[in-house]
Structures are given as C-alpha cells and as structure tokens.
Amino acid sequence: MSHLDHSTNPLTNWSGNYQYSTDQISHARSVDDVRAIVKQHDRLKVLGTRHCFNGIADSAHHLLSLGEMNRVVELDRAERTVTVEAGMKYGQLCPYLDANGFALHQLASLPHISIAGACATATHGSGVTNGSLATAVVAMEIVTADGEVVQVSREADSRTFEGAVVNLGALGVVTKITLRIQPTFQMRQDVYLNLPMAEFENHFEQIAAAGYSVSLFTDWQADRINQVWIKRRVDDSSGDSSSKSEPVFFGATPATRNVHPIGEISAENCTEQMGIPGPWYDRLPHFRMGFTPSSGKELQSEYFVPRRHAVEAIRVVGELRDHIRPHLLISELRTIDADGLWMSPFYNRPSLALHFTWKQDWPGVSKVLPMIEAALAPFDPRPHWGKLFTMPPAQLQKRHEKLPEFKQLLMGFDPQGKFRNDFLVNYLLG
Ligand SMILES: Cc1cc2nc3c(=O)[nH]c(=O)nc-3n(C[C@H](O)[C@H](O)[C@H](O)COP(=O)(O)OP(=O)(O)OC[C@H]3O[C@@H](n4cnc5c(N)ncnc54)[C@H](O)[C@@H]3O)c2cc1C
C-alpha cells in the first residue's frame, strides 16, 4: 500500500537551494500503487533522490516517490543485464552486482542518486570512450498518464527507446529499468597535483585518455589544473592496465595522501586514492556512499561542448577567472562519449564537460552564468538538465536537434500534460 506524507518542513532538494512547490508526497511500494496514484491526480511529478539543482523535478500539485521500490528484479547472467525497481540508488545496486561478479560501465561522482533520476537527466561520469549512465539502459517499464504499463526497449522499438531514455521525467513514471552489465573489475585511482595549463593545452587528448576515467579539477587561477584524478582498470582487458603511477604526469606531481577536490574539505568523504586497487564501484565515484558528497551547501552548473573545441572552450572560460573566483568552490573538467539518445546533451557529440561547484550565492552566480554562456556560445554549449543555467529557452531548444521528435513522443505518451511542470513547459514547449 502506498502512503501519503504531508511534511511539516518545506520539502527541498538535496542542497537546500530549491524548495518544491508542494509538500504533498505519495510513496509507492508497487507498480499497482504507482498506477493508482497516477490515476488519482491530474498533475504530478516523480521525485528521485532530489539531487537536481533546478525545478526539473518540481510539481505545484503532487509528488510521487519510488524510494521504497528499490529491489533487484532480475539478474540475467546470460544476457548480461540487470533489471531493478526504479527507486533504487546506484549505491544500493553496485555492491550487489559486484558480489555477483558484475559491474556497470560508468558511475557519476556520487553513488547516492537514483538510477531512474540519473538516467532521466543523462547523468555522466568521465572517459573518452564512456557514454553517460543512460547509455547502459536497454529497457524500461513506464506507467503512462492513463495508468497503463508500457514496455520500452531498443529491441522492440529503437526510435521510441532513443527518445524515452533521457526523458526529463516528462513521459511518465519509470517503474523498472534494465541495465547492461559486464564482468566485475578492479580499479586504482591516482591523483596528480598542479598540471601546468600549457601542458594541458598541448596534450589535452592524451591527458583525457590517460585512464578509463579522468577528472581534472581547477579553480581557474594560476594557469594550472589543481588536481588530475586518473581512474584505471587493474585488469588486462581494458587497454589501460598500467600497474604503477608515473613519477611526473605532464609536469604534475603525484599527491602524497588522499585529497578532496575542494582543498579545505577532509578527504575522508572521498573514495580511496594513492593507487590502491579496489572494486570499480568504490573508485569510479569520487565520493563514498554514507558520506556527504561534494560540499553540501553549494550550487552546481555544467555545460557540454564538442570535445574538439575543448582547449579553446577552457581558454575562454579561463579568461573569466576574476568573475568566477569570488563564487567558485571548484570546477571539474570531464569527457563523455557521444550517444544517440535524443535529449542527451551528448547526442551525436563526443563532449567535454565544464562543471562549476559554486558557493550557495544565487544572486552572485546568476550574474556569472550569462558570461560563461556567452563565452561558450561559439561552441553551442548544452547545459546539464539537472543543474543551474540562465540560457533563454529558445537558445536551449536550438541546441537540441531532436527536440521536435521528443515533443511528438511527449504528446503521444502524455497528451494532457499530467507530467509537465513549469520547467518543462518553459524549456521544452515555451
Ligand atoms: C553532489 C552532487 C554530485 C553530482 N554529480 C554529478 C555527476 O558526477 N555527473 C552528473 O551528470 N550529474 C551529477 N549530479 C547531478 C545529478 O546526478 C542529477 O541531477 C540526477 O538527475 C539526480 O538524480 P535524482 O534521482 O536525485 O533526481 P531528481 O532531482 O529527484 O529528479 C530528476 C528528474 O528525474 C525524474 N525522475 C526521477 N525518478 C523518476 C522515475 N522513476 N520516473 C520518471 N522520472 C523520474 C524527475 O521527475 C526529474 O525530472 C550531481 C548532483 C549532486 C547534488
């Protein structure tokens, strides 16, 4: 049986910068619960783990949580897939997969997020040959606006599938999700400090491909990348199985202890570094389950540009360092492989991600974002769907070439707009 909560405190997102417009939230425990709740309400929105920084998950009417639907439904060893209930978090799934000899291809910087919520916004990690987390999806079960249960898979209908995976929560309630898995693997994580910007500019492609996943943290000051995090597989099959770290990495020197991307925060919250091998799910994310990821009191923005423009894009943002500095906690640069998912920011584009973790000062940050967006404009930046941006809807729409097809899909799945909210109306339909 589902149950309804009426919170006495205002309901906010994870970082507390966004207050949802209703505090009425139903908690479903089964697909039947979901169907009943969907039929009961004219308008509603699914809330995942509340890690988005904008209004994408908001509803002025009613919210639905699948947090209690968090079990593994089926592990298919032969097909190498796992099917889970859509409220499951990566942090819940990964140890189970590993214990059964399997792994996912990629994780975000934190394991605390729901699988369905992450895939809905094309959440990503890093690696020139790694697609976003959504590229692991092979099938989904969706409860649509009329309470019907629909199965979507690449096998059955690749067109609908490619439109529905990165769905921005707009098509219906994802109740089950099937992910591609692979044999489990061990990884090591090595951190290097103070990479000179000149080395970075001259060797960007080599640096980005130096490991299975590479993250570069910079505060944009002093012409250097502060930290380079290289995550390598410790097996023979991946092609990057080096068993020791370089004494110098393009002028950067190895860290002598674990570090946090934000210098003044304890590295206790971070996954093990210093080249110590461990399971994939304890090295791919930067932050450990059970600990606060990142800083907590923060805002986030992120823009994606074609990887071929990486060096130039970083240079033009670097020129804004004096505007950025007063508001920034840290920036992270990552790469993501292209995909064919319509609303993915990586649609048809091998990409560079320019991420900003900001102090929680929206009046200040909202003045810097238009400058960053203007500087990146020649490279057609697409913003992260779950983070903060100021780009006008018309510009955003122009940059998603599959938006007309997605709108058609939306009209088919949800003609009355049951799952639409202000964010979707403004950015997709406005
Ligand atoms: C500390 C921190 C670190 C982060 N690191 C990264 C990172 O490394 N890479 C990255 O790309 N992003 C990152 N993010 C952003 C985050 O991964 C995304 O915002 C992601 O969408 C969060 O998932 P969620 O479940 O919390 O989503 P929510 O904010 O709860 O919801 C997001 C969207 O998904 C929809 N949704 C959720 N569940 C369902 C469902 N069952 N059916 C239909 N729709 C659903 C919601 O309606 C909404 O539209 C980070 C965020 C934080 C706070």
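This is a predicted model: local features need pLDDT of at least 70, side-chain atom pairs count only at pLDDT 80 or more; totals for chains, interfaces and linings use all residues.

- Five strands make up an open sheet with antiparallel pairing, in the order S5-S6-S10-S8-S9, and its edges are formed by strand S5 (72-76) and strand S9 (149-153), each of which pairs on one side only.
- Neighbouring strands of this sheet are turned against each other by 15° on average, with direction ignored.
- Helix H2 (residues 90-99) packs on the sheet, where it touches S5, strand S6 (81-85) and strand S10 (173-180), and the direction of H2 makes about 35° with that of S5.
- Strand S8 (residues 137-143) pairs with S9 over five bridges in the antiparallel sense, and valine 143 stands opposite valine 149 in S9.

**Aromatic pairs**

- The count of aromatic pairs comes to 15, and one of them joins phenylalanine 200 and phenylalanine 204, whose ring centres are 5.5 Å apart with planes at 70°, so this pair is edge-to-face; both residues are buried.
- The rings of phenylalanine 423 and tyrosine 427 have centres 4.9 Å apart and planes at 50°, so this pair is tilted.
- Phenylalanine 423 and tyrosine 427 both belong to helix H12 (residues 422-429), four residues apart, about one turn of the helix.
- Phenylalanine 423 is buried at a relative accessible area of 8%, and tyrosine 427 is buried at 14%.

**A ring cluster and a charge**

- Phe185, Tyr212, Trp280 and Tyr281 are linked into a cluster by ring pairs.
- Arginine 233 lies over the face of phenylalanine 185, at 3.8 Å from the ring centre.

Note on methods:
Residues are numbered from 1 along each chain as its sequence is written. Side-chain values use heavy atoms; hydrogens and water are left out. Two strands pair if DSSP finds at least two bridges between them. Helices (H or I, at least four residues) and strands (E, at least two) are DSSP runs, numbered from the N terminus. Axes are lines fitted to C-alpha atoms, for helices over the stretch in contact, and angles run from 0 to 180 degrees between N-to-C directions. Contact means heavy atoms within 4.5 Å. Rings of Phe, Tyr and Trp (its six-membered ring) pair if their centres lie within 6.5 Å; planes under 30 degrees apart count as stacked, over 60 as edge-to-face and the rest as tilted. Buried means under 20% relative accessible area, exposed over 50%, partly exposed in between (1.4 Å probe, protein chains only). A charge sits over a ring if NZ of Lys or CZ of Arg is within 6 Å of the ring centre and within 35 degrees of the ring normal.
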